[in-house]
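Here's a quick briefing to read with the model open beside you. Have the ligand site and the strands in view as you go.

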Amino acid sequence: MLLLKRSTDQHCGGLWSFPGGKVEQGESPQAAAMRELQEETGLTGLTWQSLGTHSFTYPDRLLHFQLFGCLCVSLTSLDCESEHAWVARDRLVDYPMPAANGALLGMLGAYRVSVKDGNQDEDQDRE
Ligand SMILES: Nc1nc2c([nH]c(=O)n2[C@@H]2O[C@H](COP(=O)(O)OP(=O)(O)OP(=O)(O)O)[C@@H](O)[C@H]2O)c(=O)[nH]1
(Lines give C-alpha, C1' and ligand atoms only; values in the text may rest on other atoms or scores of the structure.)
Protein backbone atom coordinates (compact mmCIF):
# COMPACT_ATOMS: atom_id res chain seq x y z
CA MET A 1 0.00 0.00 0.00
CA LEU A 2 1.23 3.51 -0.76
CA LEU A 3 1.19 6.06 2.04
CA LEU A 4 2.04 9.75 1.85
CA LYS A 5 3.24 11.83 4.77
CA ARG A 6 1.02 14.88 5.20
CA SER A 7 2.82 18.19 5.39
CA THR A 8 2.64 20.10 8.65
CA ASP A 9 0.47 22.85 7.14
CA GLN A 10 -2.24 20.36 6.12
CA HIS A 11 -5.13 19.03 8.19
CA CYS A 12 -3.78 16.02 10.14
CA GLY A 13 -0.28 17.31 9.34
CA GLY A 14 2.67 15.03 10.02
CA LEU A 15 0.54 11.88 9.83
CA TRP A 16 0.59 9.24 7.10
CA SER A 17 -2.41 9.00 4.82
CA PHE A 18 -3.63 7.34 1.66
CA PRO A 19 -3.40 9.31 -1.57
CA GLY A 20 -6.69 11.14 -2.00
CA GLY A 21 -8.56 14.36 -1.53
CA LYS A 22 -11.80 16.19 -1.94
CA VAL A 23 -14.27 15.48 -4.73
CA GLU A 24 -14.73 18.49 -7.01
CA GLN A 25 -18.11 19.72 -8.18
CA GLY A 26 -19.56 17.46 -10.88
CA GLU A 27 -16.90 14.81 -10.34
CA SER A 28 -17.60 11.21 -9.34
CA PRO A 29 -15.80 9.83 -6.28
CA GLN A 30 -13.81 7.42 -8.44
CA ALA A 31 -12.81 10.15 -10.90
CA ALA A 32 -11.63 12.20 -7.91
CA ALA A 33 -9.61 9.27 -6.57
CA MET A 34 -7.98 8.74 -9.97
CA ARG A 35 -7.20 12.45 -10.32
CA GLU A 36 -5.79 12.76 -6.79
CA LEU A 37 -3.60 9.67 -7.24
CA GLN A 38 -2.20 11.15 -10.44
CA GLU A 39 -1.69 14.62 -8.93
CA GLU A 40 -0.11 13.43 -5.69
CA THR A 41 2.00 10.53 -6.94
CA GLY A 42 2.22 10.72 -10.75
CA LEU A 43 0.82 7.18 -10.87
CA THR A 44 -2.04 5.75 -12.90
CA GLY A 45 -4.16 3.20 -11.11
CA LEU A 46 -5.71 0.15 -12.77
CA THR A 47 -8.54 -2.21 -11.79
CA TRP A 48 -10.25 0.14 -9.38
CA GLN A 49 -12.41 -1.40 -6.68
CA SER A 50 -14.74 0.47 -4.38
CA LEU A 51 -14.18 -0.71 -0.82
CA GLY A 52 -17.00 1.20 0.84
CA THR A 53 -17.88 4.47 2.52
CA HIS A 54 -17.25 5.91 5.96
CA SER A 55 -18.16 9.15 7.71
CA PHE A 56 -16.00 10.63 10.43
CA THR A 57 -16.38 13.78 12.51
CA TYR A 58 -13.25 15.70 13.47
CA PRO A 59 -13.61 18.60 15.93
CA ASP A 60 -13.58 21.04 12.98
CA ARG A 61 -15.17 19.09 10.12
CA LEU A 62 -17.36 16.19 9.05
CA LEU A 63 -15.85 14.08 6.29
CA HIS A 64 -17.44 11.45 4.06
CA PHE A 65 -14.89 9.01 2.69
CA GLN A 66 -15.21 6.65 -0.23
CA LEU A 67 -12.30 4.26 -0.26
CA PHE A 68 -10.94 2.67 -3.45
CA GLY A 69 -8.23 0.12 -4.07
CA CYS A 70 -6.27 -0.02 -7.30
CA LEU A 71 -3.09 -1.45 -8.72
CA CYS A 72 -0.17 0.68 -9.82
CA VAL A 73 1.55 -1.59 -12.26
CA SER A 74 4.15 0.78 -13.64
CA LEU A 75 6.07 2.82 -11.09
CA THR A 76 8.33 4.62 -13.54
CA SER A 77 6.17 7.75 -13.29
CA LEU A 78 6.27 7.82 -9.47
CA ASP A 79 6.77 11.45 -8.46
CA CYS A 80 5.62 12.32 -4.94
CA GLU A 81 5.98 15.83 -3.55
CA SER A 82 5.70 14.49 -0.04
CA GLU A 83 7.57 11.71 1.70
CA HIS A 84 6.09 8.36 0.71
CA ALA A 85 6.28 4.73 1.81
CA TRP A 86 5.23 1.40 0.32
CA VAL A 87 3.88 -0.54 3.26
CA ALA A 88 2.73 -4.13 3.54
CA ARG A 89 -0.86 -4.36 4.64
CA ASP A 90 0.02 -5.88 8.00
CA ARG A 91 2.55 -3.08 8.73
CA LEU A 92 0.16 -0.17 8.15
CA VAL A 93 -0.48 -0.05 11.90
CA ASP A 94 3.15 1.06 12.38
CA TYR A 95 2.43 4.37 10.59
CA PRO A 96 0.61 7.05 12.60
CA MET A 97 -2.52 8.01 10.64
CA PRO A 98 -5.48 10.39 11.02
CA ALA A 99 -8.18 9.21 13.44
CA ALA A 100 -10.60 8.48 10.58
CA ASN A 101 -8.23 5.89 9.18
CA GLY A 102 -8.92 3.30 11.86
CA ALA A 103 -12.16 2.44 10.07
CA LEU A 104 -10.53 2.78 6.64
CA LEU A 105 -7.95 0.17 7.58
CA GLY A 106 -10.77 -2.17 8.53
CA MET A 107 -12.32 -1.67 5.10
CA LEU A 108 -9.09 -2.76 3.42
CA GLY A 109 -9.86 -6.29 4.56
CA ALA A 110 -12.30 -6.50 1.62
CA TYR A 111 -9.55 -5.78 -0.88
CA ARG A 112 -8.42 -8.82 -2.84
CA VAL A 113 -5.85 -8.34 -5.56
CA SER A 114 -4.84 -10.66 -8.31
CA VAL A 115 -3.54 -9.83 -11.76
CA LYS A 116 -4.34 -12.11 -14.65
CA ASP A 117 -1.09 -12.61 -16.52
CA GLY A 118 -1.60 -15.19 -19.22
CA ASN A 119 -2.79 -18.31 -17.43
CA GLN A 120 -1.29 -17.30 -14.14
CA ASP A 121 -2.73 -15.35 -11.24
CA GLU A 122 -0.04 -13.25 -9.65
CA ASP A 123 -0.20 -11.43 -6.39
CA GLN A 124 0.58 -7.79 -6.93
CA ASP A 125 2.68 -5.98 -4.37
CA ARG A 126 2.04 -2.37 -5.38
CA GLU A 127 -1.45 -1.72 -4.06
N1 LIG B 1 -5.97 12.08 1.41
C2 LIG B 1 -6.35 11.65 2.61
N3 LIG B 1 -7.06 12.46 3.44
C4 LIG B 1 -7.41 11.96 4.63
C5 LIG B 1 -7.07 10.64 5.04
N6 LIG B 1 -7.56 10.43 6.30
C7 LIG B 1 -8.19 11.58 6.67
O8 LIG B 1 -8.76 11.78 7.74
N9 LIG B 1 -8.10 12.51 5.66
C10 LIG B 1 -8.70 13.84 5.68
O11 LIG B 1 -9.47 14.03 4.53
C12 LIG B 1 -9.49 15.41 4.18
C13 LIG B 1 -9.23 15.60 2.71
O14 LIG B 1 -7.91 15.24 2.40
P15 LIG B 1 -6.86 16.23 1.64
O16 LIG B 1 -6.46 17.35 2.52
O17 LIG B 1 -5.76 15.32 1.21
O18 LIG B 1 -7.71 16.75 0.41
P19 LIG B 1 -7.30 17.81 -0.72
O20 LIG B 1 -5.92 17.46 -1.20
O21 LIG B 1 -8.41 17.84 -1.71
O22 LIG B 1 -7.32 19.16 0.09
P23 LIG B 1 -6.35 20.40 0.10
O24 LIG B 1 -6.01 20.67 -1.35
O25 LIG B 1 -7.19 21.46 0.76
O26 LIG B 1 -5.16 19.98 0.94
C27 LIG B 1 -8.48 16.10 5.08
O28 LIG B 1 -9.21 16.74 6.13
C29 LIG B 1 -7.67 14.95 5.64
O30 LIG B 1 -7.14 15.22 6.92
C31 LIG B 1 -6.33 9.81 4.18
O32 LIG B 1 -5.98 8.66 4.45
N33 LIG B 1 -6.00 10.37 2.97
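What follows covers the ligand site, the strands and a few local details.

This is a predicted model, in which local features need pLDDT of at least 70, side-chain atom pairs count only at pLDDT 80 or more, and totals for chains, interfaces and linings use all residues. Residues are numbered from 1 along each chain as its sequence is written, and side-chain values use heavy atoms, with hydrogens and water left out.

**Ligand site**

- The ligand has 17 residues around it, and His11, Phe18, Lys22, Tyr58 and Asn101 come nearest; "near" here asks for a heavy atom of the residue within 4 Å of the molecule or strand.
- That shell splits into seven nonpolar, six polar and four charged residues. In this count Ala, Val, Leu, Ile, Met, Phe, Trp, Tyr, Cys and Pro are nonpolar, Asp, Glu, Lys and Arg are charged, and the others, Gly among them, are polar.
- Strand S4 (residues 61-71) gives the most to the shell, with three residues. Strands (E, at least two residues) and helices (H or I, at least four) are DSSP runs, numbered from the N terminus.
- Tyr58 puts a polar side-chain atom 2.6 Å from an oxygen atom of the ligand, and Glu36 has one 3.5 Å from a ligand oxygen atom.
- Phe18 uses its backbone instead: an N or O atom there lies 2.8 Å from a nitrogen atom of the ligand.
- Taken alone, the ligand exposes 630 Å², and the protein buries 77% of that (areas by the Shrake-Rupley method with a 1.4 Å probe; for residues, only the protein chains shown count as cover).
- The ligand sits in the largest pocket, where "sits in" requires more than half of its atoms within 2 Å of the grid points. A pocket is an open set of points on a 1 Å grid over the protein atoms alone, where a 1.4 Å probe fits, with protein on both sides within 12 Å along at least five of seven lines.

**Strands**

- S3 (residues 46-58) and S4 run antiparallel, joined by 10 bridges; strands pair if DSSP finds at least two bridges between them.
- A hairpin links S3 to S4 through two residues, and Gly52 stands opposite Leu67 in S4.
- There's also an open sheet of three strands, ordered S2-S1-S5 with antiparallel pairing. S2 (16-17) and S5 (84-86) stand at its edges with a single partner strand each, so one side of each has no neighbour in the sheet.
- S1 (residues 2-5) pairs with S2 over two bridges, in the antiparallel sense, and Lys5 stands opposite Trp16 in S2.

**Local details**

- Glu27 belongs to the loop between S2 and helix H1 (29-41).
- The side chain of Glu27 reaches the backbone nitrogen of Glu24 at 2.8 Å.
- Most residues other than glycine have a negative phi. Cys12, in the loop between S1 and S2, has a positive phi near 60°.
- Thr47, found in strand S3, also has a positive phi, near 50°.

Methods:
A polar contact is a pair of N or O atoms within 3.5 Å; within protein, one must be able to donate a hydrogen and the other to accept it, and residues adjacent in sequence count only if both atoms are side-chain atoms. On a 1 Å grid over the protein atoms alone, a cavity is a set of points where a 1.4 Å probe fits but cannot get out, and a pocket is an open set with protein on both sides within 12 Å along at least five of seven lines; lining residues have an atom within 4 Å of a point.
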